[in-house]
Amino acid sequence: MHNLLNRANALLAFTLWVMAAVTAACFLSTVFLDYSVPTKLSVKDVKINVVDYATDEQQADLATLNFNLNVDFSKLFNWNVKQLFVYLVAEYKTPVNEVNQVVLWDRIVERSERVVMDEIGIKPKYYFLDDGSNLLKHENVTFVLRYNVIPNAGYLRLVQSSDQIVVPFPTTYNLTNYQAMGKFSKIKKVQQEETAQEKMEWEAAGAKNSSDDSSDESDDEQVPQTQTEETRKRAELWTNRERVLVLCSRGADVRTRYLMKDIKDLLPHAKGDSKLDQQKSLKALNEIAEMKNCTKVMYFESRKRKDTYLWMSNVEKGPSIKFLVHNVHTMKELKMSGNCLKASRPVLSFDDAFEQKPHLKLIKEVLMQTLGTPHHHPRSQPFVDHVFNFSVGEGDKIWFRNFQIVDESLQLQEVGPRFVLEMVRLFAGSFEGSVLYDNPNYVSPNVIRREHRKGQHAYIEKQLALKASNIKQAKVTEILAEKTVDLVGKIAAQIEKRRVRKKKSQSAKYTGSD
């Protein structure tokens, strides 16, 4: 006879075989069906903008467009179809790559949703970005609709619609669009301003020196070279790409997060990123900075939710400095607001002590490059209304204060944040390299807490020993003060009395000699 376990095993095996057979039948019943549907696709309003990409020397073409879509997916939803994943693809050829495919739009179509799509003026969900200028004057960019049929049982089927549309792209850039705020538009604007200014200068010079024909001829020969040089310099000023990456580690406390927010508000050239996992190496910050197109990094590293370290680094060639942050007071704690200072440029004030030691000179240079707003930055205003003050205290600690210029009398009012930086080490590279300077006055917070605990334990042990000694002395004094009975002397007296009595009785005994 089979026991209960054998019967359950046989029932489970039979159930699995039945389910496998039903699944196979489900797959075979729909595998030979035709999943193609007629599609009507049209593309309009194609424009090409130029945007900055990767570095200052490269640029990319960004295409914007709208499309209309009319398709009916109702006949595709049989009993073996769970959902559809529909997406629009743009395909084109370039001299570098034979096949280029860019997904512009996608949507998941469920069985319970509207399966008939008749929409007009759909905007792409993703950027149509080319690595270079290959979209300009391109004659045949193909747009095609594709969709994946996701079944309940079977394989994932990829279907391409029969209707494809080939669109020629424009031959000029659309520079009037707001999205064309890249290097090309900025340089063109500078060139136009330069041309107008040069024209006014030459007209004024011609009115003053119209009699000197020879000087005019010599000046005319130098105009193209001078104009090109000044145009290039101004274009470089307008295209300053100095950016600072500001982020913190996971587990940072509230005060550190508020301090990081205050610094990001004060630096118009700051860019943020998600928190960095403490298990990752600090070298990963260099890669994150390169992806964010940043040249400087300010990283707040929190340890044990008690200690906050600030890293400042120059990503390209170093150096990097590690500070311990003390005495933090944020704008919220000072009940001040620095939002009005976001778009202005600060003045950086340093003590004379920064020029007395080599490592302080290097720290001053790093602070100026990191916290100083670049000239002609797009987010900064041409006026100055606050001051970053750096002063050196005991042990080469750097005290930071932020003052706002109240009025024309140049009165200063502290608006925060306020903190103290104690240098730990100075490295030659960005988060790596040899140690250029190690602060001999630096003491780790762990050592300070350990010594504090040791001091507390020694004091407690001393107090306990003194208390035990006092208790012992009190017991001895109490014992000495008590009146005790000499039991030993009393017993000895009784023994002596009995001995004397026995002796007397023996001497008085009658012997019968009389």
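A salt bridge is taken here as a side-chain nitrogen of Lys or Arg within 4 Å of a carboxyl oxygen of Asp or Glu, and a search of the whole structure on this criterion finds 15 salt bridges. The structure is a predicted model, in which local features need pLDDT of at least 70 and side-chain atom pairs count only at pLDDT 80 or more, whereas totals for chains, interfaces and linings use all residues. Residues are numbered from 1 along each chain as its sequence is written, and side-chain values use heavy atoms, with hydrogens and water left out.

The secondary structure of the protein chain comprises nine helices and 19 strands, these being DSSP runs numbered from the N terminus (helices H or I, at least four residues; strands E, at least two). Of its 514 residues, 37% count as buried, where buried means under 20% relative accessible area, exposed over 50%, and partly exposed in between (1.4 Å probe, protein chains only). The accessible surface, computed by the Shrake-Rupley method with a 1.4 Å probe and, for residues, with only the protein chains shown as cover, amounts to about 32,600 Å², 54% of which belongs to carbon and sulfur atoms. Among contacts (heavy atoms within 4.5 Å) with a separation of 6 or more, 67% are between residues 24 or more positions apart.

In helix α4 (residues 254-266), the end C-alpha atoms are 19 Å apart, which agrees with the 18 Å that its 13 residues should span at 1.5 Å a residue, the expected span being 1.5 Å times one less than the number of residues. The buried residues of α4 include Thr256, Leu259, Met260, Asp262, Ile263, Asp265 and Leu266.

Lysine 93 pairs with glutamate 98, with the closest N and O atoms 3.4 Å apart; lysine 93 is exposed at a relative accessible area of 54%, and glutamate 98 is exposed at 52%. Arginine 449 forms a salt bridge with aspartate 307, at 3.0 Å between the closest N and O atoms, and this pair links distant parts of the chain, given that arginine 449 lies in helix α8 (residues 445-481) and aspartate 307 in strand β12 (residues 307-314), 142 residues apart. Arginine 449 is partly exposed, with a relative accessible area of 22%, while aspartate 307 is buried at 9%.

Lysine 364, located in helix α7 (residues 358-371), is buried with a relative accessible area of 18%, and its side chain meets that of glutamate 355 in a salt bridge of 2.8 Å, N to O. Glutamate 355 counts as partly exposed, at 41% relative accessibility. Leaving aside neighbours within four places in sequence, lysine 364 is in contact with Phe350, Phe354 and Glu355.

The whole structure contains 13 aromatic pairs, for which rings of Phe, Tyr and Trp (its six-membered ring) pair if their centres lie within 6.5 Å, with planes under 30 degrees apart counted as stacked, over 60 as edge-to-face and the rest as tilted. Tryptophan 311 and phenylalanine 427 form a stacked pair, 5.8 Å centre to centre with 20° between the planes, which links strand β12 to strand β18 (residues 418-427) across 116 residues; both tryptophan 311 and phenylalanine 427 are buried. The rings of phenylalanine 350 and phenylalanine 354 have centres 5.2 Å apart and planes at 85°, so this pair is edge-to-face.
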